[in-house]
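Colleague: Could you take a close look at one part of this model for me, and walk me through how it sits among its surroundings?

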Amino acid sequence: MTTRPVPFAPEPADARSGPSAGTLYGVGVGPGDPELVTVKAARLIGGAEVVAYHAGRPGRSLARASAAPYIPAGAVEEELVYPVTRGGTDHPGGYQGAIGEFYERSAARLAAHLAAGRDVVLLAEGDPTLYSSFTHMQRRLTPRFRCVIIPGVTSVSATAAAAGVALVTGEQTLAVLPAATPPDRLRALAGEADGLALMKVRGDLDGVRRALVGAGRLDGALLVSQASREGERVTALRDLAADEDVPYMSMVLVPGPAAPPAPAPAPALSLATADLVTSPAVTLAAAGDAECAGAAVAGTGSVTVVGLGPGGDDWLTPEAAAALAAADDVVGYRTYVRRVPARPGQRRHLTDNRVEAERAVFALDLARRGRGVAVVSSGDPGVFAMASAVLEARAEAGYGDVPVRVLPGVTAANAVAARVGAPLGHDYCVVSLSDQLKPWSLVLRRLRAAAAADMVLALYNTGSKTRRDHIDEVRACLLEHRGPDTPVVVGRAVGGPGERVEVVRLADLCADHVNMRTLLIVGSSRTCWDREAGTVFTPRHHDGELGGDAAGRRP
């Protein structure tokens, strides 16, 4: 392994620790995603005797969270907890006095290991040389100990990647500065530099906004929060509420004027962009054609709502695959977008799972600007998914001029049914158990009506972190019209790596059987369950009589 000593002026030989002393490694662990830790950093962490890291409070080190998969079980961990982060302090020297003493104590703790001959890996968020607490340890320890820096992916790079923008191009200049920069200097730099990256904006976001307004740079400014972490979000700064509290890990980006601008995101919409491998379904137009196949011409954009099926490429139709490959932009819940092969130049806009209306408006707005947009849904987009959301937004938000088409996909109900046979072989009813868009009383009323009509039920949205105990009400409601031995197919994550399918009695159905990725199929009085073969089917014939005995058998 080659190392690069930090370029400090050499000390006299007797001023430094001897050859048996350990080495201080300042290791950048990137912006948050453990997969963005470099190979070299992971190797050093994995072989570390001592791993040190700063923390805002006990057990809350962002750097350690990024490095956690690589820290060996036997390593000694030195958690350096700040005595104060924001707010006041009782220290007679104020904030600076408290922090200065803290750094001295922290350096002494690390020096004890180094003097004993133990190497110390000091983790740093992002890169150790960019606004990092590592530099305070480096300054205090390098007069006595050897120091090696391992660079990391910077937060600036991660936020620009999340927003899908080029901060600067060609001969443009980029200014990276803390949001706490004095207002006059901040405004001056905002007017002089082509691209801006303003770090640690949580403390004075309003001041940053005022400075950008004064410099005429508010348009195009983006607030990026939690880049590469869970909860990643990109928002146009002008759309952010004045009093909105933003996460600690937030940055304001202002791309250079010649850089390709990111589409203005809808409020509260979380976006990210990536260019992946070329899809074989992409075809270029012959020479002389206007552009290339799938490229947008201003004013002729459209939205295609695409069903991906419940999981796996085998359930993606050729028609859907071709539409995805030809799209200029792919919009959807992050889990679904990541299932889509993309081509170079294609923009991918990842959101969380609770902004369907905003996502639809965002896609329609992109199309109105001339982009070819694919909005993706798991399963079939017309079943409790994005087709309705897009068409509703088109009708209600003034996008009647934007063409929309819907491509079907294999439904979750059909996929679960196929795993056990043919429980949907006769009439069946599809009901969502979510009460986000309709009252719970209506859900129960519809369940009773379908159960009384002796139809098989396919139940979507069966559980979540906040909706667990309601499954007891569903079971009680159905037992009014079904026998306790009625088969219930429980399909979890069908088509994915965590797939699990089982058949249980209706009387045994409980909250432990459901989560966000579970679909239930409740049999009718005619549905047959072969326990030995593990199959469930509903006969195609029906004699017109409803209901069954206490065991769920036909009379």
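**Loops and a covered strand**

Modeller: Gln226 counts as buried because its relative accessible area is 18%; the scale is buried under 20%, exposed over 50% and partly exposed in between, with a 1.4 Å probe and protein chains only. Bear in mind that this is a predicted model, where local features need pLDDT of at least 70, side-chain atom pairs count only at pLDDT 80 or more, and totals for chains, interfaces and linings use all residues. Residues are numbered from 1 along each chain as its sequence is written, and side-chain values use heavy atoms, without hydrogens and water.

Gln226 sits in the loop between β8 (222-225) and β9 (233-236); strands here are DSSP runs of E, at least two residues, and helices runs of H or I, at least four, numbered from the N terminus. Its phi is near 55°, positive although the residue is not glycine. Ala493, in the loop between β19 (487-492) and β20, also has a positive phi, near 50°, and is buried at 6%.

Now for strand β18 (residues 456-460): 5 of its 5 residues are buried. Val456, Ala458 and Tyr460 cover one side, Leu457 and Leu459 the other. β18 runs parallel to β17 (residues 428-432), joined by 5 bridges, with Tyr428 opposite Val456; pairing takes at least two DSSP bridges. With β21, β18 is antiparallel through 3 bridges, and Leu459 partners Leu520 there.

Met516 lies 6.3 Å from Asn461, C-alpha to C-alpha, though they are 55 residues apart in sequence.
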